[in-house]
Amino acid sequence: MKSVLLIGLGRFGQHIARKLNDLGHQVMAVDSDEERVNTVLPYVTNAQIGDSTSGEFLSSLGIRSFDACIVAIGDNFQNSLETTDLLKELGAKKVIARASRGVQEKFLLRCGADEVVYPEKQLAAWTAIRCTSEYILDYIELDTDYSIFELSVPEEWAGKTVLQLDLRKKYGINILGFRREDRLDMCVLPDTVLDREYPVLVLGQAKAVQKCLRI
């Protein structure tokens, strides 16, 4: 269980609060808008109304005690920059900041952000990948080269074993597991038979997956 300081409770910040709650983490939520703070109260450990550009206010939160600080401010980039800078000055262990445009990412990193998330860019990439094939159900980008894809099993794969398909040798793609009734089955053997009813998880380069699926 981690202790997280979440600053900025717009739609993006609220989604983060709910997900952190689902994962069982302790969350201190902060925003200058009372209504937003009240909205996330059921999903956080504690919440305060305050100005995150105030060093005095941030100091009162005990920044060093948090495992991570997330700056999810989306409607005022200047405030996001100042908050990020102050958090690092106050000894934050890890600062993750939100960017809305590419140029913002550069400034946030210069102000001390350890990581920058770019929701619009990441969602656009997901949508582009997802719409290129009827087989791609979901994907997680691991780096610029490799991703994990969740695929519905093509008809020509159904009934064949992992060994018979030999995707690793042909395309450099590794079968990691299957999704069976909303649960992951990571037991993959050479004689495991693919079933069209159960999506398959594969690891590989996007171009290799596209070639494999003839996209």
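Modeller: A word before we start: a crossing of two helices is called right-handed if the near helix is turned clockwise from the far one by less than a right angle. The model we are looking at is predicted.

Biologist: Thanks! Which way do α4 and α5 cross, left-handed or right-handed?

Modeller: The crossing of α4 and α5 is right-handed.

Biologist: What makes α4 roughly parallel to α5?

Modeller: The axes of α4 and α5, the helix of residues 102-110, cross at roughly 25° and come within 9 Å. Angles under 35 degrees count as roughly parallel, so α4 is roughly parallel to α5.

Biologist: Which residues make the contact between them?

Modeller: On α4 they are Phe77, Ser80, Leu81 and Thr84, and on α5 they are Gln104, Phe107 and Leu108. By kind, four are nonpolar, three are polar and none is charged.

Biologist: Let's turn to the core. What makes a set of residues a nonpolar core?

Modeller: The members are buried residues of nonpolar kinds, such as Leu, Ile and Cys, joined through side-chain atoms within 4.5 Å. The largest one here has 22 residues, and Leu5, Leu58, Leu61, Ile63, Cys69 and Leu87 touch the most other members. At least two residues each come from β1 (3-7), β2 (26-31), α3 (55-59), β4 (68-71), α4 (77-89) and β5 (95-98). With three residues, α4 gives the most to this core.

Biologist: How many residues are in the second core?

Modeller: That separate core has 21 residues, among them Val162, Leu194, Val200 and Cys212. In soluble globular proteins, nonpolar side chains tend to be buried together.

Biologist: Which residues does Leu87 contact?

Modeller: Setting aside neighbours within four places in sequence, Leu87 is in contact with Leu5, Ile7, Leu58, Ile63, Cys69, Val71, Ala92 and Val95.

Biologist: Now for accessibility. Why is Arg214 called exposed?

Modeller: Arg214 has 64% relative accessibility, and exposed means over 50%, so Arg214 counts as exposed. You will find Arg214 in the segment after α9 (206-212). Between the C-alpha atoms of Arg214 and Gln104 there are 37 Å in space, and the two are 110 residues apart in sequence.

Biologist: And how do you know that Met186 is partly exposed?

Modeller: The relative accessibility of Met186 is 49%, which lies between the 20% and 50% limits, so Met186 counts as partly exposed. Met186 sits in the loop between β10 (183-185) and β11 (200-205). Beyond neighbours within four places in sequence, Met186 is in contact with Leu176, Gly177 and Leu201.

Biologist: Why does Arg130 count as partly exposed?

Modeller: Its value is 28%, again between 20% and 50%, so Arg130 is partly exposed. Arg130 belongs to helix α6, residues 119-130. Apart from neighbours within four places in sequence, Arg130 is in contact with Ile136 and Leu137. Gly62 is 68 residues from Arg130 in sequence and 42 Å away in space, C-alpha to C-alpha.

Biologist: One last residue. What is the phi of Asp166?

Modeller: Phi of Asp166 is near 50°, a positive value in a residue other than glycine. Most residues other than glycine have a negative phi. Asp166 is placed in the loop between α7 (162-165) and α8 (167-171).

Methods: Residues numbered from 1 in each chain as written. Predicted model: local features only at pLDDT ≥ 70, side-chain atom pairs only at ≥ 80, totals over all residues. Heavy atoms only, no water. Buried < 20%, exposed > 50% of the residue type's maximum accessible area, 1.4 Å probe, protein only. Helix = DSSP H or I, 4+ residues; strand = E, 2+ residues; numbered from the N terminus. Contact = heavy atoms within 4.5 Å. Axes fitted to C-alpha atoms, helices over the stretch in contact; angles between N-to-C directions. Parallel < 35°, antiparallel > 145°, perpendicular 65-115°, else oblique. Nonpolar A, V, L, I, M, F, W, Y, C, P; charged D, E, K, R; others polar.
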